[in-house]
Amino acid sequence: MSDRSAAAKRPVSALLTGPYGHPFHPILVTIPIGAWVASFVFDIGSRVADAAFLVQASVWLIVIGIVGAVAAASVGLLDFFAIPSGTPAFRTGLVHLILNVAVTVAYVVNALWRRGSEADQVPVGPIVLSAISLGALTVSGYLGGKLAFRYGVRVAEEHDQAEGFEPRR
C-alpha cells in the first residue's frame with residue numbers, strides 16, 4: 001500500500017470526521033437521501049390523494065434533507081481533502097462533490113419554489129425537479145460507493161479487516 005492511498009484511509013480529524021475505519025460521512029448521507037426520497041413519495045401521494053398535509057410534509061422533508069446534506073458535506077469535504085490530487089480517486093471525489101452541491105442547490109430552489117403554496121397537490125414542475133435531482137443523487141451515490149469500495153477511501157486497511165475473518169479460539 002502506498003503512502004498516497006494510506007493517507008486517504010486515515011481521518012483528517014477523528015473528532016470531526018469519525019475514527020479510523022468508521023467515518024461519519026456514510027452515516028450522515030442517509031438523512032438527505034431518506035428525506036428527499038420520502039419527499040418525492042409524498043409529492044406523488046399528493047397528486048393521487050389531493051392531500052395538503054402531504055404537500056407540507058414534503059416541504060419539511062426537503063428542508064430536513066438540505067440540513068442533513070450540509071452536515072454530510074462538511075465531514076465529506078474533510079475526507080475529500082485527504083485524497084491525493086491528480087489521482088482517479090480525487091477525480092471521482094471531485095465529481096461526487098460537484099454533483100452533491102448541484103443536488104443540494106436544486107433542492108434549495110425546489111423548497112423556495114414551493115414556498116407559500118396552499119395547494120392540495122404539488123405542481124408538476126417541482127416534482128420533475130425532484131426526479132431529476134434524485135437521478136443525479138443516484139449517480140453521486142454510485143461514485144461515493146466507488147470511492148469507498150473500489151478505492152478504499154476512509155476504509156480500514158486489509159490487515160486491520162483480516163481480524164474479522166479469523167476464527168475465534
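This is a short tour of the model, stop by stop, with something to select at each one.

**Before you start**

You're looking at a predicted model, so local features need pLDDT of at least 70 and side-chain atom pairs count only at pLDDT 80 or more, while totals for chains, interfaces and linings use all residues. Numbering runs from 1 along each chain as its sequence is written, and side-chain values use heavy atoms, with hydrogens and water left out.

**The whole protein**

Show everything as a cartoon. You'll find eight helices and zero strands; helices (H or I, at least four residues) and strands (E, at least two) are DSSP runs, numbered from the N terminus. Along the sequence the pattern reads α-α-α-α-α-α-α-α. The C-alpha trace spans about 60 × 45 × 25 Å along its principal axes. Of the 169 residues, 36% count as buried (under 20% relative accessible area; exposed is over 50%, partly exposed in between, with a 1.4 Å probe and protein chains only). Contacts (heavy atoms within 4.5 Å) with a separation of 6 or more come 74% from residues 24 or more positions apart.

**Stop one: H4 against H7**

Select helix H4 (30–49) and helix H7 (124–150). How do their axes cross? They come within 10 Å and cross at roughly 150°, with axes being lines fitted to C-alpha atoms, for helices over the stretch in contact, and angles running from 0 to 180 degrees between N-to-C directions. That makes H4 roughly antiparallel to H7 (over 145 degrees; under 35 is roughly parallel, 65 to 115 roughly perpendicular and the rest oblique). The crossing is left-handed, meaning the near helix is turned anticlockwise from the far one by less than a right angle. To see the contact, show side chains including Trp36, Phe40 and Arg47 of H4, and Ile127, Leu134 and Leu137 of H7.

**Stop two: the phenylalanines**

Now pick Phe80, Phe81 and Phe90, which form one aromatic cluster. The structure holds three aromatic pairs; rings of Phe, Tyr and Trp (its six-membered ring) pair if their centres lie within 6.5 Å, with planes under 30 degrees apart counted as stacked, over 60 as edge-to-face and the rest as tilted. Phe80 and Phe81 make a tilted pair, 6.3 Å centre to centre with 45° between the planes. Are these two buried or exposed? Phe80 is buried at 11% relative accessibility, whereas Phe81 is exposed at 57%. Phe80 also pairs with Phe90: the centres are 4.8 Å apart and the planes at 25°, so this pair is stacked. Phe80 sits in helix H5 (residues 52–81) and Phe90 in helix H6, so the pair ties together parts 10 residues apart in sequence.

**Stop three: His96**

Stay with helix H6 (residues 88–114) and select His96. His96 counts as buried because its relative accessibility is 14%. What does its side chain reach? The backbone oxygen of Ser140, at 2.8 Å. Leaving out residues up to four places away in sequence, His96 touches His25, Ser140, Leu143, Gly144 and Leu147.

**Last stop: two loop residues**

Most residues other than glycine have a negative phi. Select Asp50, in the loop between H4 and H5: its phi is positive, near 50°, and Asp50 is partly exposed at 44%. Then jump to Arg154, in the loop between H7 and helix H8 (158–161). Arg154 has a positive phi of about 60°, and at 3% relative accessibility Arg154 is buried.

Definitions and conventions:
Polar contact = N/O pair within 3.5 Å; in protein donor to acceptor, adjacent residues only side chain to side chain.
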